[in-house]
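Dear colleague,

Please find below the structure that I am handing over to you. My findings follow directly after it.

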Amino acid sequence: LHVPPGNKTPATFTSCANLSSHQQRCASSHASSLSNLSKSSGSRFQPTAPTFSMILSGLEALGPSTFEKADRTVSEEMSIADIFRIVESFGDAALRARQAGFDGIQIHAGHGYLLSEFLSPHFNKRNDAYGGSLENRTRFLLEVFDKIRARAGKDFAVLVKLNSEDFLENGLQMDEMVSVSQMLEAKGIDAIEISGGTPLSGEKIPSREGILKTEEEEVYYRKA
């Protein structure tokens, strides 16, 4: 279940609580996935059409750096205040997930979503504390993790989804993914799910159409 961190509507909370209650009756553990869309997340639109992030939030898209897609849509660079605001939103969303009865949450930091873009030098061209070195590019994700732990508690499971690789020129590489995973392990992450690709990754986008004929086609990041 994907819940955007900024979504505070009663209907969303009630729906999540009802789902959580049903799963508890089935004696199953369940976690909500928390993600922020980015400009690259809204692919396959006509050049003048709004992207998913615009539709869901009603706001212009932001990202780690100014980025122009092939369709000429542009995301603007986030300010430090924007980053702090999103960190707080993730913490608030995790607390709401716990209050709704979930056993944990998964931070979506793959597939070209916002946290994934901060990790990726393909998208992240910043020259401040959130860009440049891998440690700086990981800072946003680690701050999100810390905020979720502080708001939802140490006994609330926190998982993360990472790209094994972006499959983009100058994108996140496998050795960097391993280093990010080690940073998260040191922080106390409960589990890491490995995936790969972004909406701009050609044949290796996260969601692919048609029937996959081989295991290599299905799990193209197997080496990770």
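Is Arg151 buried, partly exposed or exposed? In this predicted model, Arg151 has a relative accessible area of 32% and is therefore partly exposed. The side chain of Arg151 forms a salt bridge with that of Asp92, at 2.3 Å from N to O. This pair joins distant parts of the chain, since Asp92 belongs to helix H3 and Arg151 to helix H5, 59 residues apart. Asp92 is likewise partly exposed, with a relative accessible area of 22%.

The two helices concerned are H3 (residues 80-99) and H5 (residues 134-152), whose axes come within 8 Å and cross at roughly 40 degrees. H3 is therefore oblique to H5, and their crossing is right-handed. Among the residues that meet are Ile83, Phe90 and Leu95 in H3, and Phe140, Val144 and Ile148 in H5. The residues of this contact comprise 10 nonpolar, one polar and six charged.

The count of salt bridges comes to nine. One of them pairs Asp82 with Arg85 at 3.4 Å, N to O; both residues lie in helix H3, three residues apart, about one turn of the helix. Asp82 is buried at 17% relative accessible area, whereas Arg85 is partly exposed at 42%.

Another salt bridge connects the side chains of Asp190 and Arg149, at 3.0 Å from N to O. Here too the pair links distant parts of the chain, 41 residues apart: Asp190 sits in the loop between helix H6 (174-187) and strand E8 (191-195), and Arg149 in helix H5. Asp190 is partly exposed at 46% relative accessibility, while Arg149 is buried at 14%.

With kind regards

Terms used. Residues numbered from 1 in each chain as written. Predicted model: local features only at pLDDT ≥ 70, side-chain atom pairs only at ≥ 80, totals over all residues. Heavy atoms only, no water. Axes fitted to C-alpha atoms, helices over the stretch in contact; angles between N-to-C directions. Helix = DSSP H or I, 4+ residues; strand = E, 2+ residues; numbered from the N terminus. Parallel < 35°, antiparallel > 145°, perpendicular 65-115°, else oblique. Left-handed = near helix turned anticlockwise from the far one by under 90°. Contact = heavy atoms within 4.5 Å. Nonpolar A, V, L, I, M, F, W, Y, C, P; charged D, E, K, R; others polar. Salt bridge = Lys/Arg side-chain N within 4 Å of Asp/Glu carboxyl O. Buried < 20%, exposed > 50% of the residue type's maximum accessible area, 1.4 Å probe, protein only.
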